[in-house]
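Hello,

Here is the structure I promised to pass along.

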Amino acid sequence: MDVERLARPGGEVLGVRVQVCGDVEAVEPAVGTALYLIAAEAVTNATRHARGATGVTVDVTASRSQVHLRVRDDGEASTTSSPHAGYGLRGMAERASLLGGTLRAGPDPDGGWSVDASLPRTARAS
């Protein structure tokens, strides 16, 4: 899975820390691609919209039956959407749903904003 490519040091651009636990290399390619695209969209959203953020964490944890992705920024959480909001959150949720997974996005109880996706290790048959 290519999610490690999202990591970058802080500085002029918001820093991104990536941590992967478990055997993520054994997930089906469609699941790995979906996880990468969801993570990339969530990191992009944090970079563009997280006011006061100093960093983003991307955590991927694989178990026997599913893979969990959590992308969290440490900025100011806002529940109001931009009048120019795009389809990013909807697209991430649809991508997860098509593979039999779930996605939740919103203000994090510990501050900032988080995106949590859980996908099965193997894509469901269509």
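Helix α2 lies across β4 and β5, and its axis runs at about 150° to β4. Keep in mind that this is a predicted model.

The other helix I looked at, α1, lies across β1, β2, β3, β4 and β5, running at about 10° to β3.

Which residues of α1 are buried? They are V31, G32, A34, L35, Y36, I38, A39, A40, A42, V43 and A46. What covers these buried residues includes the strands β1 (15-21), β2 (55-62), β3 (66-73), β4 (102-107) and β5 (113-120), together with helix α2 (88-98).

Now for the sheet itself. Five strands make up an open sheet with mixed pairing, in the order β1-β2-β3-β5-β4. At its edges are β1 and β4, each of which pairs on one side only. From one strand to the next, the twist averages 10°.

If you want a spot to start from, go to V58: its bridge partner in β3 is V71.

How values were computed:
Residues numbered from 1 in each chain as written. Predicted model: local features only at pLDDT ≥ 70, side-chain atom pairs only at ≥ 80, totals over all residues. Heavy atoms only, no water. Buried < 20%, exposed > 50% of the residue type's maximum accessible area, 1.4 Å probe, protein only. Helix = DSSP H or I, 4+ residues; strand = E, 2+ residues; numbered from the N terminus. Contact = heavy atoms within 4.5 Å. Pairing = 2+ DSSP bridges. Axes fitted to C-alpha atoms, helices over the stretch in contact; angles between N-to-C directions.
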